[in-house]
Amino acid sequence: FPVTIYIGDGGDNDGGKDGGGNLPPPEKWREHVDPADFVRALGESKRSGFLSSHKPEDLANHRLILSEDGKVGCAVSPEGDIGSLFNNSGRRGAGWHALLEAIHRGGVTLDCYDVYLPSLYAQFGFTETGRLYFDRNQAGPNWNYQLGEPDLVFMARTRKLTDDEIKRNLSGPSEHWKSEQTDKRFTNWDEAKAHSRRTVGH
């Protein structure tokens with residue numbers, strides 16, 4: 001299964017346990033993004049174990065978001081799945097801006113490992129819709145087993161928060177971030193993702 005999203009990278013705390021605080025100025029995004037440039041930038045991530053690997057042709061129909069310096073980006077599939085979100089810039093909060101931009105461009109679902117990330121994404125209006133048990137056969141070759149074998153969590157944007165509401169959520173201490181854990185289990189990625197897409201906006 002694809003593991004599509006991780007924010008914290010490059011020494012910052014975008015997706016980390018010490019998150020919280022004011023957002024920095026918005027990133028400047030490239031007007032046109034070549035899939036090959038995006039894949040190269042994605043490959044520089046230090047968190048590759050959290051991310052799906054792609055070839056440029058895999059992303060031909062995606063809405064690609066990449067900062068002008070090529071350090072921050074993400075992708076939105078034609079179905080509205082947000083994935084491959086990375087921040088290699090060292091600019092704390094830059095990944096948050098990438099996720100906001102993905103939402104603006106139609107992103108409504110995502111999936112991530114349950115390593116403190118669901119509570120972060122809940123601040124953007126996402127709700128858990130299902131879970132898969134960790135599968136060693138599907139985990140990427142760079143997965144860090146010191147993090148254990150967490151569930152893969154599927155989430156849908158069920159609350160249409162404004163940018164200001166999201167920024168207020170993120171400004172609080174991360175220990176106050178909450179995400180209601182679902183008890184709904186699936187046995188394969190396709191079924192879990194299909195259910196997540198049906199849940200959008202409900």
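A residue counts as buried here when its relative accessible area is under 20%. Keep that cut-off in mind for the tour. The model is predicted.

**Stop 1: Glu101**

Select Glu101, which sits in helix H2. Is Glu101 buried or exposed? Its relative accessible area is 18%. That value is under 20%, so Glu101 counts as buried. Now show what surrounds this side chain. Setting aside neighbours within four places in sequence, Glu101 is in contact with Trp29 and Ile65.

**Stop 2: the whole chain**

Zoom out and colour by secondary structure. The chain holds five helices and six strands. Starting at the N terminus, the order is α-β-β-β-α-β-α-β-β-α-α. Of the 202 residues, 53% are buried. Look also at how far apart in sequence the contacting residues are. Among contacts with a separation of 6 or more, 76% join residues 24 or more positions apart.

**Stop 3: helices H2 and H4**

Go back to H2 and select residues 94–104. An angle over 145 degrees counts as roughly antiparallel, so H2 is roughly antiparallel to H4. The crossing of H2 and H4 is right-handed.

Which residues make the contact? On H2, pick Trp96, Leu100 and His104. On H4, pick Asp163, Ile166, Lys167 and Leu170. Colour this set by residue type: four are nonpolar, one is polar and two are charged.

**Stop 4: helix H5**

Select residues 189–199, which form H5. Show the side chains of Trp189, Ala192, Lys193, His195, Ser196 and Thr199; these are buried. Where do they sit around the axis? They span an arc of only 160 degrees, which puts them on the same side of H5. An α-helix has 3.6 residues a turn, so residues three or four places apart point the same way.

Next, see what the buried side faces. The buried residues of H5 pack against strands S4 (109–113), S5 (126–132) and S6 (152–157). Then turn the helix over. On the face turned away from the buried side are the exposed residues Asp190 and Arg198.

**Stop 5**

Most residues other than glycine have a negative phi.

Select Ser84, in strand S3 (residues 82–87). Its phi is near 55 degrees, a positive value in a residue other than glycine. With a relative accessibility of 3%, Ser84 is buried.

Now select Tyr116, in the loop between S4 and helix H3 (117–122). The phi of Tyr116 is near 65 degrees, again positive in a residue other than glycine. What is the relative accessible area of Tyr116? It is 25%, so Tyr116 is partly exposed.

**Stop 6: Arg159**

Finish in the loop between S6 and H4, where Arg159 is found. Its relative accessible area is 36%, which makes Arg159 partly exposed. Draw a distance from the C-alpha atom of Arg159 to that of Gln123. The separation is 9.7 Å, although the two residues are 36 apart along the chain. Which residues does Arg159 touch? Not counting those up to four places away in sequence, they are Ala122, Phe124, Gly125, Phe126 and Thr127.

Technical notes:
Residues numbered from 1 in each chain as written. Predicted model: local features only at pLDDT ≥ 70, side-chain atom pairs only at ≥ 80, totals over all residues. Heavy atoms only, no water. Axes fitted to C-alpha atoms, helices over the stretch in contact; angles between N-to-C directions. Helix = DSSP H or I, 4+ residues; strand = E, 2+ residues; numbered from the N terminus. Parallel < 35°, antiparallel > 145°, perpendicular 65-115°, else oblique. Left-handed = near helix turned anticlockwise from the far one by under 90°. Contact = heavy atoms within 4.5 Å. Nonpolar A, V, L, I, M, F, W, Y, C, P; charged D, E, K, R; others polar. Buried < 20%, exposed > 50% of the residue type's maximum accessible area, 1.4 Å probe, protein only. Arc of directions from axis to C-beta.
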